[in-house]
Structure formats: C-alpha cells, structure tokens
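Dear colleague,

Please find the structure we discussed below, together with its sequence. My findings follow after it.

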Amino acid sequence: MSVKELEINKNLYLYSSSRYHNINSSTFLKEGKALIIDTMLFPDDMKKVKRIVKLRASKGIEWVINTHYHLDHTCGNIVFNNINIMAHNLCRKLMEKHSEEILREWAKVEPEIADIKINLPNVTFSREAKLFFKNAEFELILTPGHSPDSICIYWKNKRILFAGDTVIPIPYFYYGNRKKLIETLKRIIELNPKLIVQGHCAPIYEENIKIELNLKIRYLERINKIVKESIKKGLSKREIYKIPISHCGIDKDPEPDDPFWKRDIHISNLARVYRDLKEAEE
Ligand SMILES: [Zn+2]
C-alpha cells in the first residue's frame, strides 16, 4: 500500500505516500465534515485518501487547502473538482504561470501525471486568513522561504502547525529564499507549536521542535558561510557541489532510507547559494 495512515488524534489523520518521498496530506474531521491540507503528487494516491476520508466524513469533504504551488502538493487537486480549494493569492498565480510547464517536464520521468489537468484554488487571500471549521480555528499565515507563496496553517486550539514544505527533513530553498526561510523558521519557534506536521515525512513532536528547528536554521546559515569561504579559497563549482551536508551542521541523516534529502536537496541548495553569491559579486 503506497498510502499510510497515522492517527494523530480523533480529529486528525495524516496520510503519507511512499511513492514520493513520504509526501503528506492531512485531514481534519469534525461533525462528519472534513478539511484536507495538500493533495500529493499522484492523483491515484489522493483518490485512496479521498475514499478513506469519505468513510469517516459522512457529510463530505468541505475544504481543501494548498500550502504552496509545488506539484507534489497540488496535483491531487484534480480529485476535488467540486470542492472549494483555498490557497494564498500568489499560489494560484504561480500555479497559473508555471504548473503546466513543470508538469510537462516532470511527466517525462513520471508518465502517470502526464494527462493531469491543473485544478486551481478557487478561494484565495492576500495577507492572512482564518478558517473556522466548527469550533476549530485555523490561521493561514504567509511563511515565505521554501517558496514565495508558502503558507502554514495553525490549528490554534491544539497548537498544531501544518507547515507544508516550510518544515521538511532538510530545508529546501532552491525555488525560494534562504534568508526568508531563516526568518520564517524563527517565527515558527516563537509561535511555540506543540506539534508540527511537515510537508514530507513524520511529524515533529513538542520535545524536539526547538532542537530540530534550530538545527535547520544552523544549516541554512552554515551552508552560506561555507560556500562563501569555498569561493574565496578558489574552489570550483564542481568541488563546491561536493561539500557534504555534515559540514553544514547536519550530522545525523534525517531520512537514512531516502538519499534524496542528503543528496538531491542538499546539492540543489549548494547550487542556489553558489549562484546567489556569484550574482552578488557581479
Ligand atoms: Zn515544495
């Protein structure tokens, strides 16, 4: 089974797909109705989630929220044709502008997604929004860094933060902004959540939140410092791309079974820092 279910509490279930780096979709249930956050990459995975959720939500799925425009969080929107999909303004704009092109590129390696029609969010907001779902209050907060349109959804009553890719095992800013991601992670520490549902992989529980977020901030600061020093020493681009993650403050492999994080994500981050520093020199 590619989709795993984790019951976080009686109102909250987390679905995770092993087919794309444990991408998460969360479902909040109350009085027979459901709210879904993020819709995965493969519509087939999302269909499975939808089937399970419908068994639990006798009155149906009322809302879907996208945390940001990346395809691995929005492709499954296609499964929710007649349901309100909410996202930040910028998310809809970026989807309109880029999603089809990215989809065409991505479909070369994942043919299953080739025929997907992009289903845009139909409810957007420009600063912050609140969604009252029965007696639960959700704050939708703009948290740029991983991408410019990234939002976090904070379930205030329970202090649970749905972070999208703002919080993932290795922070990723190739399509975003490293400095903004640092600011955002600091804001999340101040928010003091009890549980963080990451965009990928397992949730982070209270006792580890500060430690893990500080580790991510340290990584984001060190990667810049180390690439800067390496450029000064005259290291080539190829040599810089080989700088191990352990030199940038992350010693323990957060996902030992999936080399994607330490390899692909980290190398892309190195490439982005290198590009930014070179551009600043010009
Ligand atoms: Zn993303």
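**Helix packing, sheet and overall form**

Helix α4 passes helix α5 in a left-handed crossing. Please bear in mind that the model is a predicted one.

Two packed helices are described by the angle between their axes and the distance between the axes. For α4 (residues 178-191) and α5 (residues 206-232), the angle is about 160 degrees and the axes lie 10 Å apart. Because angles over 145 degrees count as roughly antiparallel, α4 and α5 are roughly antiparallel to each other. On the α4 side, the contact is made by R178, L181, I182, L185, K186, I188 and I189. The α5 side contributes K210, L213, K216, I217, L220, E221 and N224.

Strand β8 pairs with β9 (residues 136-142) in the antiparallel sense, over 5 bridges. Within this pair, A129 stands opposite L140 of β9.

As for the whole, the protein chain has 7 helices and 13 strands. Its radius of gyration is 19 Å, close to the 19 Å that the globule rule gives for 282 residues, so the chain is as compact as a globular protein of that length. Along the principal axes, the C-alpha atoms fill a box of roughly 65 × 40 × 35 Å.

With kind regards

Terms used: Residues are numbered from 1 along each chain as its sequence is written. This is a predicted model: local features need pLDDT of at least 70, side-chain atom pairs count only at pLDDT 80 or more; totals for chains, interfaces and linings use all residues. Axes are lines fitted to C-alpha atoms, for helices over the stretch in contact, and angles run from 0 to 180 degrees between N-to-C directions. Helices (H or I, at least four residues) and strands (E, at least two) are DSSP runs, numbered from the N terminus. Angles under 35 degrees count as roughly parallel, over 145 as roughly antiparallel, 65 to 115 as roughly perpendicular and the rest as oblique. A crossing is left-handed if the near helix is turned anticlockwise from the far one by less than a right angle, and right-handed if clockwise. Two residues are in contact if their C-beta atoms, placed from the backbone, lie within 7 Å. Two strands pair if DSSP finds at least two bridges between them. The radius of gyration is taken over C-alpha atoms; the globule rule is 2.2 Å times the number of residues to the power 0.38.
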